[in-house]
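Subject: Structure handover

Hello,

Here is the structure I promised to pass on. Please have it open while you read the notes below.

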Amino acid sequence: MSDFDDIQAIFFEECAEGLAVAEQGLTAMVAGDTSPDIVAGVFRAVHSIKGGSGAFGHSALLAFSHCFENLLDEVRAGRIAASRHVAQTMLSAFDVLADHVAAAQGQAPAPDDRAMLSALEEVLRTKGEVGDAAAAPAPADAQAAAADVVDDGQADEADEFGFVPVGVSLESFDLEPLEEMPQDAAPSAPAWRIRFAPSREAMANGAEPLLVVRELERLGAMLTMAETHNVPPLRELDPEGAYIAWHLTAPAELDEASLEECFDFVPPDSEVDIGRDAETDGVAVHAKAEDVVPVIEALPSAQIHPLPVAESPRASTAAVPVTTLPTAAGDGQSQTIRIDVAKLDMLLNLVGELVIRNSILSDRLAPVDQQRVELPQLGRLTREIQDTVMSLRAQPIRQAFSRVPRMLRDLCAETGKQVALDIVGEMVEVDKSVIEKIGDPLTHMIRNAVDHGIEHADERVAAGKSAEGMLRVSAEQKGARIFIQVRDDGRGIDRERVYAKAVERGLIAPDAQLTGEEIDNLICAPGFSTAETISNISGRGVGMDVVRSNVEALGGRIEIVSEWGVGTSFTMVLPLTLAILDGMIIRLAGQRYVLPLSSVVESVQPEPGQVRRVSPTNEVIELRGNYVPVKRLSDMFGVDPASCTRPEDSLVIIVEHDGTGLVGLMVDTIEDRREVVIKSLDQHLYPIRGLGGATILGDGSIALILDVDALVASPTGNGSKFALKGMAA
Amino acid sequence: MSKLILTVDDSASMRMLLKATLSAQGFRIETANDGNHGLERMQEVKPDLLITDINMPVMDGFQLIEEVRKVPDFRGTPILVLSTEFAEDKKARARSAGATGWITKPFDAERLASAIRRVCP
Amino acid sequence: MSTENASENKIVTFTLAKQLFGIDMSSLIEIREWDEPTPLPGVPSYIKGVTNLRGNVVPVVGLAERLGWEPSVLHARSCILVVSIDGKQAGFLVDEVNDIVAISSDAIQPAPEVENGEQNMLVGLVQIDARGVEGGEKKQTMVSLLDLNALSLTRHLDLAA
């Protein structure tokens, strides 16, 4: 039943969220923060997972989470102290739990949790005291217990954990203990005789004793007698009190359990007697139920007026629901809503159109709008709508970082190295597509850092470093860019080895002269990666070249900085696509381009002689005593210089870029400063270096957005071994 | 006119599962995702029966039951707790808060329906 | 042709360099008049630039050049076929759009062998009824079916000099 699958899919999403909360909480607990809120949060998360797993029939997950929850309950109630040992055990249990969830979704085989279960049992048994008690019985018990629960599944009897599927009542009855009923429902078996005397407060808590009688009747029982001697005179009558005791008989074939079940919700102090009527061998009917004259007035039941059921909000059941993450674990106030990504994209497109139309309108009406009131207001309103809608797609990058702690734990276990993790900037917001696509590159870079970067503990100590290595994963937003960095304090890139390998693979000439940076970048050259870097995690060859092309497909680039003996950092620089860019519109040979204003320092109308040629390929501009290199946009774009303004009349725009400081770009003129909507180019085309997208101007024409860093970072034609891809050399 | 049940649970998948199960049994269902919300919905839809979980953020099941019972209109409304827990002290606490009955998860659809019939006229 | 034939496809036929080509109609988004696109720096000459397609920035390709021929000469009936290849959109400049024709997939014959190193741009060849003169006999003419996937612009083309 596909509805069930849809609902189960949502359950698995909830599991993912719960796992994230639990991991965060447990990590905090291992670090020493065991405040009640945190423990309660972890408990609730595991509790929810357990609850749903039963409902959806995942017995292995159910069994494990139940055991885990037991321990958490003890810790939550303060009966077991959350020592580091206990917290560490629970963190390891968390990993197994996560594996169970993955197995339940069919993504992986079920984990072997016996060792973990016995570890949990151990902690429960010893109350967290770390002793030498590793009694042999414990593992067997845990195993047997787990096996029991696994086997029971939906069984009705209470098992070792007291799991009873349904209908366990609130209080214990004063009943004879359950007897083994004779299996044969022989006609000679006597009928049941039932006496039910509801207590005085029978109507409290919304209970209705008469419903119990009706239910018994539905099973086949019949009212035989009513004891009315307790009914007081009318004026003393409490309409909500119960004064009558009822007698019924029930067919012999019924089993006692189903009769008892009817009394499940009967208040305490009621008298319930169920027994076999040994004397009669038929059903003796004393009076029909309808003949029983109601002694008590119909109770004034609560005035319940069922309202017409409102149409529940159309929650999307489309295959791709998007969850906006609730804010940090402690805050239960935020509400979330699931949105279909396709609808969001449509909305974004429409809003983009709105901005453009508004811009066209403003242009056309500007001469008429003398007051300059309505148009700017409309513009502001449009901008606000756009900002809000944009922010819907932007999500904290935390999602992309969520797998990192577990990944690192596994890597450390695998390599035997010790690495501490520092995550910075989780709340930096990026477009959803970025989150989806940096997962793999991030994985590869972290893998590299642990495999090749960070040394083993003894090697580190010998080098004067701490035994534990440090891995820092950070996200930062600067202007129209996102910087996602993986940094380690390991041994750095072994340039000699890289150089040798590149020569070996025919990537460079044996005598090629390369700068340190160029050698580092060889790692990303196609064909460089070898079997050494095949990852267990992704299961396929991890080439840094794959990483580079993934990042470039997002319109970004990778920067590598490494220092021998100190460490290495890989930085993914990504544009904030779907963003609004504050831009400077410039003209070159009749074409308009957009320069991100965040990069622009100043613009200069050069005096004669201010721009000088210092070599056949290099020019500089003299600026307040300094010399800033100048690049002609016409050179970079292969535009015929004849169609551009003469250099003497051109403008030089001084821009700043991350690499080497200031550069002057020579253009024809500056047209305007405007906020533009970035339209992605690489939706439909391969990434072109030097372009950070395009925008549609008010008149419908297209202006290309320049990626300043890419334009100036890679050297053009000055002996570099790397041709600027996508740019005319 | 079929009975209207308000179910309160902080797990969306559980709410949906309950709704699907109970609708198939012929009940009309409204849902709420935590105690606070549940209280509001009680006032809005005035159901014939309230089914609530215990472990919820902001306002847990016990508190919800107590708050509901404070409202005169709802003093006689049947309230069932639906929870994975089964400890006696929890059940006693629910009872004193004013719950009519307690059902342990995982539940069987038929038996849940008959339990509802037992409390809901 | 039987209209209940399950393997029936519709193709759009167009003229390029005096030859008749066809593409699967399900890939066609729209047909636009020729409009000078905004040029892109440092791309192969067959990528004419990008154009504004209802708010999307879509590349425009000179199809003749892409197939290795002389660039198309623009004239009154030149137009751009906007297609979707694997979700990505692109516009192809053609000389003239002809018709929409239903063909059955078993009528497609394999394309001729390609020389080494060249990529086969064709899915196959198919005969269709030519638009004859009124009263004339029905002629058959050959349509070369283009493989749009081979024309995709999103794979990173190797531009190494």
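Chain B first. Chain B exposes about 4,000 Å², and carbon and sulfur atoms supply 50% of that area. Accessible areas come from the Shrake-Rupley method with a 1.4 Å probe; for residues, only the protein chains shown count as cover.

Some ground rules. This is a predicted model, in which local features need pLDDT of at least 70 and side-chain atom pairs count only at pLDDT 80 or more, while totals for chains, interfaces and linings use all residues. Residues are numbered from 1 along each chain as its sequence is written, chains are lettered from A and ligands numbered from 1 in the order in which they are written, and side-chain values use heavy atoms, with hydrogens and water left out.

Back to chain B. It has 121 residues, and 64% of them count as buried (under 20% relative accessible area; exposed is over 50%, partly exposed in between; 1.4 Å probe, protein chains only). From the N terminus on, they run β-α-β-α-β-α-β-α-β-α. Take the contacts (heavy atoms within 4.5 Å) in chain B with a separation of 6 or more: 61% come from residues 24 or more positions apart. Lys46(B) has a phi near 45°, a positive value in a residue other than glycine. Lys46(B) sits in the loop between helix H2 (35–45) and strand E3 (49–52) of chain B.

Next, the cores. A nonpolar core is a set of buried Ala, Val, Leu, Ile, Met, Phe, Trp, Tyr and Cys residues joined through side-chain atoms within 4.5 Å. The largest one has 59 residues, and Leu633(A) and Leu40(C) touch the most other members. Strand E6 (residues 79–85) of chain C gives the most to this core, with four residues. Beyond its neighbours within four places in sequence, Leu633(A) contacts residues including Ile586(A), Leu665(A) and Leu711(A). A second, separate core has 46 residues, among them Leu408(A), Val473(A), Val486(A) and Met572(A).

Now a sheet in chain A. Strands E11 (residues 481–488) and E13 (residues 567–575) of chain A pair antiparallel over eight bridges. Met572(A) in E13(A) is the bridge partner of Ile484(A).

Elsewhere in chain A, look at strand E20 (residues 651–657). Six of its seven residues are buried. Four bridges join E20(A) to strand E16 (residues 600–604) of chain A, antiparallel. There, Val600(A) has Val655(A) as its bridge partner. Seven bridges, again antiparallel, join E20(A) to strand E21 (residues 661–667) of chain A. His657(A) stands opposite Gly661(A) in E21(A).

One last residue. Arg624(A) has a positive phi, near 45°, and is not glycine. Arg624(A) lies in the loop between strand E18 (618–623) and strand E19 (626–632) of chain A. Arg624(A) is exposed, with a relative accessible area of 67%.

Best wishes

Key. Helix = DSSP H or I, 4+ residues; strand = E, 2+ residues; numbered from the N terminus. Pairing = 2+ DSSP bridges.
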